[in-house]
Amino acid sequence: MADALPGPYTKAATPLVTTESLAGAVRGPGGQDVVTGPGGRERILFHGWSPDGRGRVMYLADLVFEDGRPVVRGDRAR
């Protein structure tokens, strides 16, 4: 977290995406990137284990900001 792009940065109190924060829908999420989606909506792309556990797949979710902090919202799509 930082007040400005060049920093200084501090570690967030809790991770943005974890298996628990995604209600178990994605196991082992990681490698996040934020993109602007259709209609100017912020989206977060990340990978996680496939439901059958055979490999990593890409997931997409809405990203909103509440009180200046990112929050993952909505259904997670693979």
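Strands here are DSSP runs (E, at least two residues), numbered from the N terminus. Keep in mind that this is a predicted model, where local features need pLDDT of at least 70, side-chain atom pairs count only at pLDDT 80 or more, and totals for chains, interfaces and linings use all residues. Residues are numbered from 1 along each chain as its sequence is written, and side-chain values use heavy atoms, with hydrogens and water left out.

Let's start with Arg43, which sits in strand 2 (residues 42-49). Arg43 is buried, with a relative accessible area of 13%; buried means under 20% (1.4 Å probe, protein chains only). Its side chain makes a polar contact of 3.1 Å with that of Asp62, that is, a pair of N or O atoms within 3.5 Å, one able to donate a hydrogen and the other to accept it.

| Residue | In contact with |
|---|---|
| Arg43 | Asp33, Val34, Val35, Gly37, Leu60, Ala61, Asp62, Leu63 |
| Val26 | Thr19, Phe46, Gly48, Tyr59 |

Val26 also belongs to the largest nonpolar core, 9 residues in all, with Phe46 and Tyr59 among them. Such a core is a set of buried Ala, Val, Leu, Ile, Met, Phe, Trp, Tyr and Cys residues joined through side-chain atoms within 4.5 Å. Strand 2 and strand 3 each give two or more residues to this core, and strand 3 gives the most, with 3. In soluble globular proteins, nonpolar side chains tend to be buried together.

Definitions and conventions. Helices (H or I, at least four residues) and strands (E, at least two) are DSSP runs, numbered from the N terminus. Buried means under 20% relative accessible area, exposed over 50%, partly exposed in between (1.4 Å probe, protein chains only). Contact means heavy atoms within 4.5 Å. Lists of a residue's contacts leave out its neighbours within four places in sequence.
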